[in-house]
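Please read it with the sequence and the model side by side.

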Amino acid sequence: TALVEWPVGVAGRFEERFLTLPREVLIATLQEHQRYFPVEDASGGLTPWFITVSNIDSRDFAKVREGNERVVRPRLSDAAFFWEQDRRRKLIDRLAGLDAVTFQAKLGSIGDKVRRVQQLAATVATSLHGDVAAAQRAAALAKCDLLTAMVGEFPELQGIMGTYYAAADGEPAEVATAVREHYQPRGAGDELPHTLTGAIVAIADRLDTLAGIFATGQKPSGAKDPFGLRRAAIGLLRIAIEKRLDIDLRGLIEQAVKAQPVGTPAVADEVYAYFMERLRSYYLEGANELAITAEMFDAVLEVRPRSPLDFDTRLKALVGFLKLPEAASLTAANKRIANILKKSEGFTPAAVSTTTLREPAEKQLHGAVSTLREGVQGAVASRDYVAALTALAGLRGAVDAFFDSVMVNDPDPALRTNRLSLLAELRALFSGVADLSKLPG
C-alpha cells in the first residue's frame, strides 16, 4: 500500500527445494524483505509461488516476473545457508556466548538475565506444580537463538527459530515449544502460551525485565516506553488471569527485585503499583467480558490481593453481588461504617462485650455477625467469594435496623467503644472480599 502508483499483480515462482525451510523463514523472506505475497494451497501449506505488485503495466510481464524471481533466489539461498549452518551447532552450546551480549548497562549481560530468569522460573514452576527442570531448561535456551545467523538476518524470528533448533537438537517438545511461547503474547490480541512451561518462562522473563528496568530508574513515563514494559506487564497479567494460573505476584516481584544487581527493596512497591495500573487498564478498557467500573476495581485493590487470578475472582464475585437487591443498602452501610470509624479518634477495636449490648437491634446484629463469621471466613479462605458475599447479603435487615435505632456515638464511652467494635467486626467481614466503602452508595 502506497508503494506503487499503478499496481499490477504479477505471479512468480521459486525453486521447490526452498519449501523445506521453516514456513516462517519463507514468509519473512518473501513478505517482510521483498514485499511479495506468499501463496498457500487449499490445505494452508505454502506453495513455490508468490505474487508481487508491479508499478507499471508492462508490455512484457515475462521480464518483470524473471526479474523478481532472480532477486528472490539469492535471498532464499542465504536463508537456506543460515538454516544449514545454524543446525551444525546445538542451541544450548550458544548459551555461554550470551555472557558477551549486553542486556542493559547496569543489569549485566543477557547471560546474567537468563540465570535470573531460570531462578524465577523454578519458583513459578514450583508454585504451579509444573516441571521445574523443564522450565529451567527452557529458560536456558530461550535467548540462545539471538546468536544464530538466521535471527541475525531476521530478528523478527527470535524465539521461533529457537523452537525449530531446539526440536532439531532433540529437546523435549514442551521445552522446545516454550522457547517460542515465552515471547507470547507479543502484543494486544496475540495468543497466549499453550504449554505450562511456556507460560512459566514467559512470566519469569517479564518479571525480570520489569524489576530490572525499574531498579535502574527507567520506568515508563508518558508516551515513552523503550523497553516495552507496558506490553510486558499486561502480557503477564493476561497469562495469569486468562490461563487461570495462581501466582503470588507480589512475592515474585520481591524475588525478582532482590536478584537485580542494582536497586533497593522499595522498587518492589513501585513494580507492584505499576502492575496494578496495567490491571486497571485491562479491566476498564474492556479487554474482558466484565462491565467493571473504577470504583469496583478500587474496592478490590484496597485489600491488595497478591495474585492476579485472586483479584479477578474477587472482582467477578463483586459484580454478581452488586446485582442483588441487598447490595445498595449494604454498600451504603459500609460507606457509613468507614466514615464513622475514620472519625473515631483514639478508637482501638476490641472484642465485642455481649454484656454491654443494650439495644435489641445491636444484639440482633451481633448475633447475625457471630453466626455468619465462621462460614464467611471459611468461604474467603477457600476463595469462594460468591458464597461469602451471598451470606453477607443476609445481614441487610440487621444492619438497617441497627442504623435506624442505635446511636453509635453514645455519650457513654463503654457503649460507644462496644458499638464501634461491632461495626469494625462487620466491616472486617466484608473487607475479606473487597472494601465496599469504595463503591458509590
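This is a predicted model: local features need pLDDT of at least 70, side-chain atom pairs count only at pLDDT 80 or more; totals for chains, interfaces and linings use all residues.

Three strands form an open sheet in the order E1-E3-E2, and their pairing is antiparallel. Strands E1 (8-13) and E2 (37-40) each have a single partner strand and stand at the edges, so one side of each lacks a neighbour in the sheet. On average, and with direction ignored, neighbouring strands are turned by 35° against each other. E1 and strand E3 (residues 46-54) run antiparallel and are joined by six bridges. Gly 12 has Phe 50 in E3 as its bridge partner. Helix H2 (residues 61-86) lies across both E1 and E3, and runs at about 55° to E1.

**Helix H13**

Helix H13 comprises 14 residues, 308-321, and spans 20 Å from its first C-alpha to its last, close to the 20 Å expected at 1.5 Å a residue. At the start of H13, a side-chain oxygen of Ser 307 comes to within 3.2 Å of the backbone nitrogen of Leu 309. The helix is mostly covered, with 11 of its 14 residues buried.

Thr 163 belongs to helix H6 (residues 160-168). Its relative accessible area is 11%, and because the cut-off for burial is under 20%, Thr 163 counts as buried. Leaving aside residues up to four places away in sequence, Thr 163 touches Ala 176, Thr 177, Val 179 and Arg 180.

**Backbone features in loops**

Gln 184 and Pro 185 are joined by a cis peptide bond, with omega about -5°. Pro 185 is placed in the loop between helix H7 (173-181) and helix H8 (196-215).

Positive phi values also occur at His 129, a residue other than glycine, and at Arg 244, which is not a glycine either. The table sets out these two residues.

| Residue | Phi | Loop | Relative accessible area |
|---|---|---|---|
| Arg 244 | about 60° | between H9 (229-242) and H10 (249-259) | 42% |

Arg 244, at 42% relative accessibility, counts as partly exposed.

Key:
Residues are numbered from 1 along each chain as its sequence is written. Side-chain values use heavy atoms; hydrogens and water are left out. Helices (H or I, at least four residues) and strands (E, at least two) are DSSP runs, numbered from the N terminus. The expected span of a helix is 1.5 Å times one less than its number of residues. Buried means under 20% relative accessible area, exposed over 50%, partly exposed in between (1.4 Å probe, protein chains only). A polar contact is a pair of N or O atoms within 3.5 Å; within protein, one must be able to donate a hydrogen and the other to accept it, and residues adjacent in sequence count only if both atoms are side-chain atoms. Contact means heavy atoms within 4.5 Å. Two strands pair if DSSP finds at least two bridges between them. Axes are lines fitted to C-alpha atoms, for helices over the stretch in contact, and angles run from 0 to 180 degrees between N-to-C directions.
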